[in-house]
Amino acid sequence: MANSASGMAVLDECKLKFLELKVKRNYRYIVFKIENQEVVVEKLGNPQDGYDDFTASLPANECRYAVYDFDFTTNENCQKSKIFFVAWSPDISKVRMKMVYASSKDKFKRELEGIQVELQATDPSEMSLDIVKARAL
């Protein structure tokens, strides 16, 4: 199912793994990459992985999409969880790669029903744990 604007296909595996993260909580995070005009699953994070494991899984010089299941405690002391969509586009990645990821992002994100917060980051400081916590509340 290719997007006419970007020509990008989203493999069913992407939607299936996202559903497993959302419903069954089989994964803490999923990293997606664009390969041969398709969005594919690159890495699945174990449920016990932490936020540092997630950020370490993103390449320093290439764009990626990712989802992260963030557990937190509210100010009222309630345990909650929110699913973050991260559009990772490092400043040092190639311009063409940034353009492809940017033009395909909205369509891909629409395929993943249940995203609650979106983050765009060009360097690790833009997706620090403090920022994620602030966006979750």
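This is a predicted model: local features need pLDDT of at least 70, side-chain atom pairs count only at pLDDT 80 or more; totals for chains, interfaces and linings use all residues.
Local features rest on pLDDT of at least 70 and side-chain atom pairs on pLDDT 80 or more, whereas totals for chains, interfaces and linings use all residues. Residues are numbered from 1 along each chain as its sequence is written, and side-chain values use heavy atoms, with hydrogens and water left out.

**Overall fold**

The chain contains four helices and six strands, where helices (H or I, at least four residues) and strands (E, at least two) are DSSP runs numbered from the N terminus. Read from the N terminus, their order is β-α-β-β-α-β-β-α-β-α. The radius of gyration, taken over C-alpha atoms, is compared with a globule rule of 2.2 Å times the number of residues to the power 0.38; for 137 residues that rule gives a value near 14 Å, and the 15 Å of the chain agrees. Contacts are heavy atoms within 4.5 Å, and buried means under 20% relative accessible area, exposed over 50% and partly exposed in between (1.4 Å probe, protein chains only).

| Property of the chain | Value |
|---|---|
| Buried share of the 137 residues | 45% |
| Share of contacts with a separation of 6 or more that join residues 24 or more positions apart | 61% |

**Nonpolar cores**

A nonpolar core is a set of buried Ala, Val, Leu, Ile, Met, Phe, Trp, Tyr and Cys residues joined through side-chain atoms within 4.5 Å. The largest has 21 residues, and Phe32, Val39, Tyr65, Val67 and Phe108 have the most contacts inside it. Two or more residues each come from helix 1 (12-24), strand 2 (29-35), strand 3 (38-44), strand 4 (64-73), strand 5 (79-88) and helix 3. Apart from this core lies another, of 18 residues, including Phe54, Leu58, Tyr68 and Phe84. Leaving aside neighbours within four places in sequence, Tyr65 is in contact with residues including Phe32, Val39, Phe85, Val100, Tyr101 and Phe108.

Helix 3 (residues 95-111) reaches 25 Å from its first C-alpha to its last over 17 residues, close to the 24 Å expected at 1.5 Å a residue, the expected span being 1.5 Å times one less than the number of residues. A kink of about 45° is centred on Lys105, the bend being the angle between axes fitted to the seven residues ending at a residue and the seven starting there. Buried residues of this helix include Val100, Tyr101, Ser104 and Phe108.

In the loop between strand 5 and helix 3 lies Ser89, which is buried, with a relative accessible area of 17%. Beyond its neighbours within four places in sequence, Ser89 is in contact with Cys63, Lys98, Ala121 and Thr122.
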